[in-house]
Amino acid sequence: MSGSVAEAPKGPTAPANHATSWRTNRKLDQWIAFWSVPFFFNVFGLVFVPLSWMMPPRSPSSPTPHIVNFMHSHNLLIACLILTLAYGLAPVSNACYLIQVKRMSVSPAFRYSMMIGAITGAIVGMLFPMFCFGLGAFRPGYSAAVLTMLYDFGYLAFIGSLGCFCVMWMAFGLAIILDENNILPKWLGYYTIWQYVTELMAAPVWIAKSGPFAWNGLMTFWFAMALYVSWQFIVYVCIYKAIKNQPDGELDNAPPMPQPVALEVPSRTSA
Amino acid sequence: MTDVAEGSAAGVDQLRRAAHTRGHVPGEASMWFFVIGDLLIFGVYFVGYMYFRGQNHQLFLASQARLNVDIGAINTVVLLTSSLFVALGTAAARAGNMAAGLRGFWIALAFGAAFPLLKMVEWIPEISAGLTPGKNLFFMYYYVMTGMHLCHVALGLVIMCFVIRHLKTSTTPKISFVETGATYWHMVDVLWLVLFALLYLMR
């Protein structure tokens with residue numbers, strides 16, 4: 001997904017004394033969170049597309065034998081295993097957005113909404129489908145009716161839950177627009193608004209079973225995806241620039257200041 | 001919103017007010033980015049709608065006949081009037097007449113607020129008559145597109161409240177902020193005109 005920007009990490013900007021190793025880079029934490037994003041999305045993409053063919057979404061009106069065949073596929077079990085391991089990366093990836101939002105001149109409410117929104121969204125949009133699609137392959141004895149329900153549940157959780165991310169990205173977009181520190185460009189805030197408004201378009205998947213508003217439809221899936229994927233790339237480049245331009249003095253994880261009074265303070269190793 | 005406008009347009013504004021007769025892009029550039037992109041997105045919806053309308057021409061025509069064109073037409077007039085007062089208010093504010101500018105935006109807000117109310121008057125009988133989004137593809141498009149537009153109207157009303165607050169409380173109101181709000185409201189108007197033509201009128 002994040003191909004073009006996901007090349008080998010070109011040494012993040014080192015502080016003035018370039019000879020020091022990358023380990024002393026004071027933005028190391030941010031860069032790790034940052035590079036976890038392409039890694040996470042690549043794993044996500046590989047699992048969903050070539051490994052399991054869960055995506056692009058199959059039709060909600062597929063005949064039952066097709067659904068049963070698909071749900072019995074062993075690749076789904078492997079996909080679920082990989083997703084379980086990768087799930088923990090979601091919070092790490094979100095950290096790189098949140099650190100930048102923290103620098104903005106807006107209420108912390110925006111940051112907290114994003115934080116909790118990302119987690120609740122990931123549970124519904126990632127864990128729920130994972131369990132649904134994994135169950136069929138786990139025990140092949142389930143009846144066709146049960147498998148069809150899991151299939152519906154899985155896709156509705158994955159695509160029908162996009163609304164969960166709506167408020168989260170709304171908080172992100174508004175924070176960018178209202179921010180006076182110009183951490184991220186204003187137009188990105190407006191782009192974010194389009195992105196979350198198209199996520200609202202996922203609501204009709206609960207009604208339509210075929211056509212452009214079904215969960216594999218032109219309007220609800222393909223158009224929303226086209227807007228989302230391009231947005232994800234652009235937001236990623238903007239975050240890269242924001243981290244790069246962040247002055248060292250603004251970093252939260254400032255090293256312990258040299259203490260004027262010689263008190264024996266145990267050195268803090270983790271920030 | 002107010003704060004943003006104050007931040008970015010501080011010094012430029014005096015110049016702008018002096019030079020407004022020479023012509024410039026009204027409002028902030030980022031709002032124009034939003035307007036153009038939003039029109040493109042709606043453009044994609046419209047193309048999609050036209051494609052599926054071509055596929056099911058009879059169904060779309062029959063369903064269209066069940067819409068309430070009267071309320072649609074009243075809503076068009078309401079929005080156009082609201083837009084007119086936004087334009088008059090902006091022109092007055094530009095000319096330095098803040099009281100007239102404020103009056104224009106109050107009237108525009110009142111007309112704008114009538115739009116969602118009329119929409120409810122339109123939707124509630126339709127939904128009770130079984131014309132829900134699940135009825136057929138036309139009604140799905142109808143509710144999704146007018147619903148999206150209604151979200152834009154709601155946001156526009158909020159923006160207008162900010163403009164009014166700004167005109168009321170600020171001693172030297174930023175014209176660029178007033179223009180930004182006006183630009184957005186005109187976009188809402190343009191979108192409705194296309195929607196009205198596509199959903200209610202086209203035969």
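Chain B has 8 helices and 0 strands. The predictor gives the complex an ipTM of 0.75 and a pTM of 0.78.

**Layout of chain B**

- From the N terminus on, the elements of chain B follow the order α-α-α-α-α-α-α-α.
- Chain B has 203 residues, of which 34% count as buried.
- Among contacts in chain B with a separation of 6 or more, 80% are between residues 24 or more positions apart.

**Confidence**

- Chain B has a mean pLDDT of 87, and 89% of its residues reach 70 or more.
- Among the elements of chain B, the highest mean pLDDT, 95, belongs to helix H5 (residues 69–94), and the lowest, 46, to H1(B).
- Over residues 1–12 of chain B, pLDDT stays under 50, and the model has 18 contacts beyond four places in sequence for this stretch.
- Where pLDDT is low, the predicted coordinates should not be read in detail.

**Helices H3 and H8 of chain B**

- The axes of H3(B) and helix H8 (residues 175–201) of chain B come within 10 Å and cross at roughly 10 degrees.
- Angles under 35 degrees count as roughly parallel, and H3(B) and H8(B) are therefore roughly parallel to each other.
- On the H3(B) side, the residues making the contact include Trp32(B), Phe42(B), Phe46(B) and Tyr49(B).
- On the H8(B) side, they include Tyr184(B), Met187(B), Leu191(B) and Leu198(B).
- By class, this contact of H3(B) with H8(B) has 12 nonpolar, 2 polar and 1 charged residues.

**Where chain B touches chain A**

- In chain B, 19 residues are in contact with 18 residues of chain A.
- Helix H1 (2–8), helix H3 (29–55) and helix H7 (137–169) of chain B are the elements that give two or more residues to the side of chain B that touches chain A.
- H3(B) gives the most to that side, with 9 residues.
- The side of chain B that touches chain A has 12 nonpolar, 5 polar and 2 charged residues by class.

**The largest nonpolar core**

- The largest nonpolar core has 111 residues, and those touching the most other members are Met114(A), Ile159(A), Phe172(A), Met140(B) and Tyr141(B).
- H7(B) supplies the largest share of this core, 14 residues.
- Leaving aside neighbours within four places in sequence, Met140(B) is in contact with Pro204(A), Ala208(A) and Phe213(A) of chain A, and with Pro133(B) of chain B.
- In soluble globular proteins, nonpolar side chains tend to be buried together.

Notes. Residues are numbered from 1 along each chain as its sequence is written. Chains are lettered from A and ligands numbered from 1 in the order in which they are written. Two residues are in contact if their C-beta atoms, placed from the backbone, lie within 7 Å. Helices (H or I, at least four residues) and strands (E, at least two) are DSSP runs, numbered from the N terminus. Ala, Val, Leu, Ile, Met, Phe, Trp, Tyr, Cys and Pro count as nonpolar, Asp, Glu, Lys and Arg as charged, and the others, Gly among them, as polar. A nonpolar core is a set of buried Ala, Val, Leu, Ile, Met, Phe, Trp, Tyr and Cys residues joined through C-beta atoms within 7 Å. A residue is buried if 20 or more other C-beta atoms lie within 10 Å of its own, exposed if 12 or fewer, and partly exposed in between; C-beta atoms are placed from the backbone. Axes are lines fitted to C-alpha atoms, for helices over the stretch in contact, and angles run from 0 to 180 degrees between N-to-C directions. Angles under 35 degrees count as roughly parallel, over 145 as roughly antiparallel, 65 to 115 as roughly perpendicular and the rest as oblique. pLDDT is the predictor's confidence in each residue, from 0 to 100.
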